[in-house]
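Please have the sequence and the structure open while you read.

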Amino acid sequence: SFGRQPINEYEDYIKALDALSSKFDFVYRVVRSNGLLPFERPWLKQEQKRLYHDEVYRLLHSSDIHLLPKGQTRYVVVSSTLCQCLGALTPTVVPNTRHFEALPIIDGVKPAVVYENVEDLKEKLVMLIEDEEFRKKVIKASERFVEENRSDKIARRFVKLFEEL
């Protein structure tokens, strides 16, 4: 995880990873620009710094799973962080908040793995780790979503829309 989300938005991930730490050997790396999380676990590695664009992709490419904390909002919004990160094709796990409700289902899965609660999060993390077919489907859905929403394609749609006005 990276960014500066409020501490409480990481709690689901900490709880789920606490439960999974006896079954799997992993490191949860968290890079935050505005202070470390108040959690200490043997598997939690934290760093306080601001990441540059190329550092974000280097970290995502070296990761098996990207955990993206995002809290609830009253409005339907698009997560710019998710849009920025999907192109790395590292499976991203997100909470079921309004940030992600507009994600399409592509070949049976969304381009990000959306969880409902800590129990669901644990199940989906295990699926990403143990079920290679599920993992491949998520990555393929991410790839298709990124391709369909490339900036040049979106720009062409806007130009076409303006020309029709």
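A salt bridge is here a side-chain nitrogen of Lys or Arg within 4 Å of a carboxyl oxygen of Asp or Glu. The model to which this rule is applied is predicted.

**Exercise 1.** Decide whether lysine 153 and glutamate 147 form a salt bridge, and find the network to which they belong.

*Solution.* The closest N and O atoms of lysine 153 and glutamate 147 are 3.3 Å apart, and the pair forms a salt bridge. Lysine 153 counts as partly exposed at 26% relative accessibility, and glutamate 147 is partly exposed as well, with a relative accessible area of 37%. Through shared partners, salt bridges join Glu147, Arg150, Asp152, Lys153 and Arg156 into one network.

**Exercise 2.** Which parts of the chain are tied together by the salt bridge between lysine 23 and glutamate 130?

*Solution.* Begin with the distance: the closest N and O atoms of lysine 23 and glutamate 130 are 3.5 Å apart. Finally, both lysine 23 and glutamate 130 are exposed.

**Exercise 3.** Describe the open sheet formed by three strands, and identify the strands at its edges.

*Solution.* The strands follow the order β4-β5-β6, with parallel pairing. Because β4 (66-67) and β6 (113-115) each have a single partner strand, they stand at the edges, and one side of each is left without a neighbour in the sheet. Helix α4 (residues 118-130) packs on this sheet and touches β4, β5 and β6, its direction making about 155° with that of β6.

Methods. Residues numbered from 1 in each chain as written. Predicted model: local features only at pLDDT ≥ 70, side-chain atom pairs only at ≥ 80, totals over all residues. Heavy atoms only, no water. Pairing = 2+ DSSP bridges. Helix = DSSP H or I, 4+ residues; strand = E, 2+ residues; numbered from the N terminus. Contact = heavy atoms within 4.5 Å. Axes fitted to C-alpha atoms, helices over the stretch in contact; angles between N-to-C directions. Buried < 20%, exposed > 50% of the residue type's maximum accessible area, 1.4 Å probe, protein only.
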